[in-house]
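Subject: Structure handover

Hello,

Here is the structure you will be working with. Please open it first, then read on.

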Amino acid sequence: MSKTLTIARREISAYFNSPMAYIVVGAFLLISGYLYFSTVFLAGTASLRSFFSLTPLLLVIFAPAVAMRLVSEELRSGTLELLTTMPVRDEEVIAGKFLAGLSVVASGLLMTLAYPLSIATVGDLDWGPVIGGYLGLLLCAAALIGIGIMASTWSRNQITAFILALMIGLVLWLFDKVTFFVPASLGRVLEYLSIDFHFRNIARGVIDTRDLLYYFSLLLISLFLAVLALRRRHA
Amino acid sequence: MDSAMIEVRELVKDYGRTRALRGIDFSVPRGQIVGFLGPNGAGKTTTMKIITGYLEATSGQALVRGLPVEEHPLETRAHIGYLPENAPLYEDMMVQEFLDFVADIRQIPAAQRRQRFRLMTEVCGIGDVLSKNIGELSKGFRQRVGLAHAMIHDPEILILDEPTSGLDPNQIAEIRKLIRELGREKTLILSTHILPEVQATCDRVIIISDGKLVADDTVQGLMTGDGARIQVLVAPRGESPLEMEKVVESLQKPDSVRSVSVVGEKEDGLAVDVLSDAAVDARRDIFEAAIAADLALLEMQRQSVSLEETFRRLTMEDGGEHV
Ligand SMILES: Nc1ncnc2c1ncn2[C@@H]1O[C@H](COP(=O)(O)OP(=O)(O)OP(=O)(O)O)[C@@H](O)[C@H]1O
Ligand SMILES: [Mg+2]
């Protein structure tokens with residue numbers, strides 16, 4: 001088994017050995033469930049619209065909460081020294097931790113599949129946008145976990161790491177909400193930088209390489225900066 | 001061919017504005033056990049972290065089996081087993097889980113695992129705690145798990161930062177025995193504050209103080225290089241009471257005696273320490289000198305200077321400013 005997967009497996013079992021993962025995923029399900037069922041019962045229509053429109057914001061909050069411990073905790077307890085003096089690359093360490101963080105968030109998303117499935121049992125469901133929506137959420141989650149890990153390499157304090165990642169995520173999420181107040185040319189730029197804008201594109205069911213490129217660049221840049229920060233810890 | 005397993009050259013390390021290492025040089029051949037001594041903050045841990053590749057030197061180089069650590073991090077780490085100071089461990093894992101994890105990262109072939117695990121369980125005495133959470137272990141057991149982690153891949157080089165700290169006397173004795181056994185084929189550097197440990201286990205002692213190397217010698221060399229001490233108890237032979245100056249003066253006469261100092265007055269006489277050159281036995285000369293000065297020699301005992309004294313002299317010399 002590759003070292004990356006070994007590290008990912010260790011991190012995943014660390015998540016499920018502590019109450020933190022259950023609390024974070026549980027809270028995520030609670031709120032996303034509320035978003036879904038409130039439209040079902042209040043508006044009387046079975047629709048995923050409000051679920052998909054607000055879940056990216058939930059991820060902006062919950063992904064950093066999942067990612068915050070990944071490196072900070074090793075810095076605090078000193079185990080990073082134990083890990084990185086074994087023959088393992090910094091890239092493998094970060095990649096393994098990323099896979100673990102993404103698995104936890106993805107397992108939360110997986111459970112929300114209950115909502116579209118419940119709709120499908122009572123009526124007709126257009127699966128196109130649902131698949132697009134989930135693909136978009138997964139991409140959002142990946143990028144946000146990347147940002148969370150990057151912030152986690154910056155501090156031995158998990159809370160500090162969480163707040164930093166939350167702030168970065170919120171700014172990225174807000175970009176396309178403020179285009180109204182700025183000149184159109186700047187508005188286009190902000191839109192392109194916005195996490196939510198690209199999500200809406202994908203959730204429409206149209207897969208455009210520009211949207212994919214956005215999430216992949218965001219992820220790669222964060223992971224690259226995370227590796228860099230790890231390396232600087234040695235200097 | 002370079003036969004040194006570990007070599008450091010002009011190692012300098014700055015932490016921000018603090019200079020922790022000010023040019024350290026030494027090399028360790030295969031099969032040697034080196035005791036790494038120095039007062040708190042001397043730079044022992046820093047040197048070890050550079051050799052294991054956790055920290056980069058500000059200038060200078062560390063080589064493991066002839067390879068510079070910075071350019072060949074993976075190859076050099078594969079040959080090293082490292083126990084960091086205070087044995088940081090994944091507290092959320094069980095001991096067995098943790099060792100499995102280490103074996104996976106170290107890519108120990110499946111065929112050898114069983115035997116390596118059995119050996120580690122035995123020599124580190126962790127058989128009873130394999131299914132315990134590391135977070136719940138006592139300090140000594142954590143230390144043992146850390147040792148198992150360092151040795152599980154049967155490395156050629158072991159770097160142990162205060163390996164016996166927190167262990168009980170039985171375990172200390174066992175670890176020392178283990179270190180001596182390992183030292184037959186492996187290369188070891190171990191830091192410690194327990195000087196008898198060095199005497200018991202090490203072939204060679206490196207003492208650093210304030211980031212500089214102040215001694216690099218065998219244990220024997222360090223203890224005798226400084227001369228031998230002879231404890232003497234003298235009393236007057238006649239009625240007249242002892243005069244301290246006279247005693248000191250007369251015992252100082254022989255050529256083999258370097259210095260004489262009065263330790264204190266006892267009920268039955270005067271206790272005096274006589275320092276002599278290491279190479280000669282000054283006891284005869286002292287005996288003759290005492291007779292000549294009309295002194296009764298009640299007791300005389302020759303001792304080599306303890307490692308502790310040498311350590312104190314070497315590390316407190318230049319002001320010994322410690323943090
Ligand atoms: N992370 C760090 N940041 C800043 N200074 C440091 C750091 N680590 C060590 N130092 C400083 O470097 C010097 C050497 O420290 P080091 O830990 O190597 O000493 P040591 O010989 O291992 O001491 P001890 O016997 O207490 O373990 C000390 O002055 C210490 O304060
Ligand atoms: Mg130390």
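One definition to start: a residue is buried under 20% relative accessible area, exposed over 50%, and partly exposed in between. Keep in mind that this is a predicted model.

Now the metal site. B:T45 (OG1) and B:E85 (OE) coordinate the magnesium ion (ligand 2), at 1.9 to 2.5 Å. B:T45 sits in helix α1 (residues 44-51) of chain B, while B:E85 sits in the loop between β6 (80-83) and α3 of that chain, so the pair ties together parts 40 residues apart in sequence. Are these two residues buried or exposed? B:T45 has a relative accessible area of 16%, so it is buried. B:E85 is at 32%, so it counts as partly exposed.

Next, the interface. On chain B, 26 residues are in contact with 26 residues of chain A. The two chains bury about 2,500 Å² between them, and 62% of that is on carbon and sulfur atoms. Three residues stand out: B:Y54, B:Y90 and B:I105 supply 29% of the area that chain B buries against chain A, more than any other three.

There are charged and polar links too. The rule finds three salt bridges across the interface. In one of them, the side chains of A:E81 and B:K49 meet at 3.8 Å, N to O. Six residue pairs are in polar contact across the interface.

Which elements of chain B give two or more residues to this side? They are α2 (73-78) and α3 (95-105). The largest share, six residues, comes from α3(B). By class, the side of chain B that touches chain A has 14 nonpolar, four polar and eight charged residues.

Best wishes

Key
Residues numbered from 1 in each chain as written. Chains lettered and ligands numbered in written order. Predicted model: local features only at pLDDT ≥ 70, side-chain atom pairs only at ≥ 80, totals over all residues. Heavy atoms only, no water. Contact = heavy atoms within 4.5 Å. Buried area = accessible area lost by both parts, 1.4 Å probe. Salt bridge = Lys/Arg side-chain N within 4 Å of Asp/Glu carboxyl O. Polar contact = N/O pair within 3.5 Å; in protein donor to acceptor, adjacent residues only side chain to side chain. Helix = DSSP H or I, 4+ residues; strand = E, 2+ residues; numbered from the N terminus. Nonpolar A, V, L, I, M, F, W, Y, C, P; charged D, E, K, R; others polar. Donors = N, O, S within 2.8 Å, 3.2 Å for Na, K, Ca; no water. Buried < 20%, exposed > 50% of the residue type's maximum accessible area, 1.4 Å probe, protein only.
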